[in-house]
Amino acid sequence: MKIGPTFPIETTALLVPSPGSPFTISPVLIQNLRPNELLVEIKYSGLCHTDFLLRDGALPKVTYPSIPGHEGTGTILAIGPAVKNRSLSIGDDVLLSFTSCNECHHCLEQSPSTKCKLMPPLNLSCVRDDGTTAYQMQDGTPVSGHFFGQSSFAKIAVVSELSVVPIKGMSEEEMGIWAPMGCGYQTGAGTILDVLKPRKEDVVVIFGMGGVGFAALMAAALILEVETVIAVDLVQEKLDLAKEMGARWVINGKETLDVVGEMMKITEGKGADFAVDTTGVGKVVQDMVQCLGQGGTAASVGAPAPGVKIEVDVGMFFALSKKWIGVVEGEVWPVEFIPRLIQAYKEGKFPVDKISKVYPVEDIEKAIADTESGKIIKAVLKFQCQLQSPTHGT
């Protein structure tokens, strides 16, 4: 009778040896699996800006070496005995997202993304809730993992039950296309669909046309059919694609000295009803707030570097009844929301296949360079290392 995998399990991870170091492919050992965790063989993982923050040492309390990754798809290899979702089986395909405590009243109400009492430490500290990690180097050095409850830059990942979104029957191609659903795509789309909820006649401005920005654009222009969506970016090729995917107007911030003035010209002085910033850049966030019209709402969804500040004319902010909110992970419940996005994809209203490209994990630096240059919108890594599945005791 199988009683579970035999530890330690050797696998391969794309880890960060020290703050500021490049991503490095290294063998690691998985020491144990908690009763409320699963082992997942990662097939694909999206490459996200937050992974760069971990690489650069910008996340407090993270120790190194550390395994990033938080937009994975894969197949279940083992299930801890305390996992509550009894519908999960070994061999099931899953998509991975953030985790939460599953105990506070916000989690029990299925609204954990900004209100769960343990949201930041559980997702950003790269350790379990008690400070332990399942990973170590072959010489015994502890390796921080559990990033967003998953660390999907490992070929075999130890995953929190709350990070698992069952999507049975995914094809190989779909695993690659849908991997970023668990963070970037749900952040952009959730901000539009579940937080801002613009009407067709509203004006929506989106700053930063990366994966999150395009997800917000598609949600507004294709799913909600908002008639006036304005896309702002520094790369003209991204803006050309944005027009193909529903943006009525585009503004090139590299060529336009006064982005707010240009946006006001487009809207005949009325300003935006809703604005979304995906960059976290202080000047861009300031433009986002300034471009709002009467009663407008701005949403910051891009993670800024520590210490970023902006200037706000408080009197005008008050007089125009503006609102500025922060939105984490689209404020969605992934198990419910991600299937909605997949259905929209199947209906042609969320064509994320047009903005992503798959790279072998060994080509991580090329994927980064292509993303940073604007050559591609969203990079997805394919974990194609040939490794044996974990053995089971009898």
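Q: Why does Cys126 count as buried?
A: Buried means under 20% relative accessible area, exposed means over 50%, and partly exposed lies in between (1.4 Å probe, protein chains only). Cys126 has 0% relative accessibility, so Cys126 counts as buried. This residue is in the loop between helix 3 (119–124) and strand 6. Helices (H or I, at least four residues) and strands (E, at least two) are DSSP runs, numbered from the N terminus.

Q: What kind of model do these values come from?
A: The model is predicted: local features need pLDDT of at least 70, side-chain atom pairs count only at pLDDT 80 or more, and totals for chains, interfaces and linings use all residues. Residues are numbered from 1 along each chain as its sequence is written, and side-chain values use heavy atoms, with hydrogens and water left out.

Q: Why is Glu329 called buried?
A: Its relative accessible area is 5%, so Glu329 is buried.

Q: Which peptide bond that ends at Pro8 is cis, and what is its omega near?
A: The bond from Phe7 to Pro8 is cis, with omega near 0°. Pro8 lies in the segment before strand 1. The bond from Tyr64 to Pro65 is cis too, again with omega near 0°. Pro65 is found in the loop between helix 1 (49–55) and strand 4. Most peptide bonds are trans.

Q: What makes Lys155 and Glu41 a salt bridge?
A: A salt bridge is a side-chain nitrogen of Lys or Arg within 4 Å of a carboxyl oxygen of Asp or Glu. The closest N and O atoms of Lys155 and Glu41 are 3.5 Å apart, and the two form a salt bridge. The pair links distant parts of the chain, 114 residues apart: Lys155 is in the loop between strand 7 and strand 8 (156–160), and Glu41 is in strand 3 (residues 37–46). Both residues, Lys155 and Glu41, are buried. The structure holds 14 salt bridges.

Q: How do you know that Asp92 and Lys168 meet in a salt bridge?
A: The N to O distance of their side chains is 3.9 Å, and the limit is 4 Å. This pair also links distant parts of the chain, 76 residues apart. Asp92 is buried because its relative accessible area is 12%, whereas Lys168 has 54% relative accessibility and so counts as exposed.

Q: What makes Arg340 and Glu336 a pair about one turn of the helix apart?
A: Both lie in helix 11 (residues 334–346), four residues apart. Arg340, at 35% relative accessibility, counts as partly exposed, and Glu336, at 40%, counts as partly exposed. Asp194, Glu336 and Arg340 are linked in a network of salt bridges.

Q: How do you know that strand 6 and strand 7 pair?
A: Two strands pair if DSSP finds at least two bridges between them. Two bridges join strand 6 (residues 135–136) to strand 7, and these strands run antiparallel. In strand 7, Val143 is the bridge partner of Tyr135. The open sheet they belong to has four strands in the order 1-2-6-7. Strand 1 (9–15) and strand 7 (142–143) are its edge strands, as each pairs on one side only.

Q: Why do strand 12 and strand 15 stand at the edges?
A: They belong to an open sheet of six strands in the order 12-11-10-13-14-15, with parallel pairing. Strand 12 (249–252) and strand 15 each have a single partner strand, so one side of each is left without a neighbour in the sheet. Inside this order, strand 10 (residues 203–207) and strand 13 (residues 272–277) pair over four bridges. Val204 stands opposite Phe274 in strand 13.

Q: Why is Trp324 called partly exposed?
A: Trp324 has 40% relative accessibility, so Trp324 counts as partly exposed. This residue lies in strand 15 (residues 323–326).
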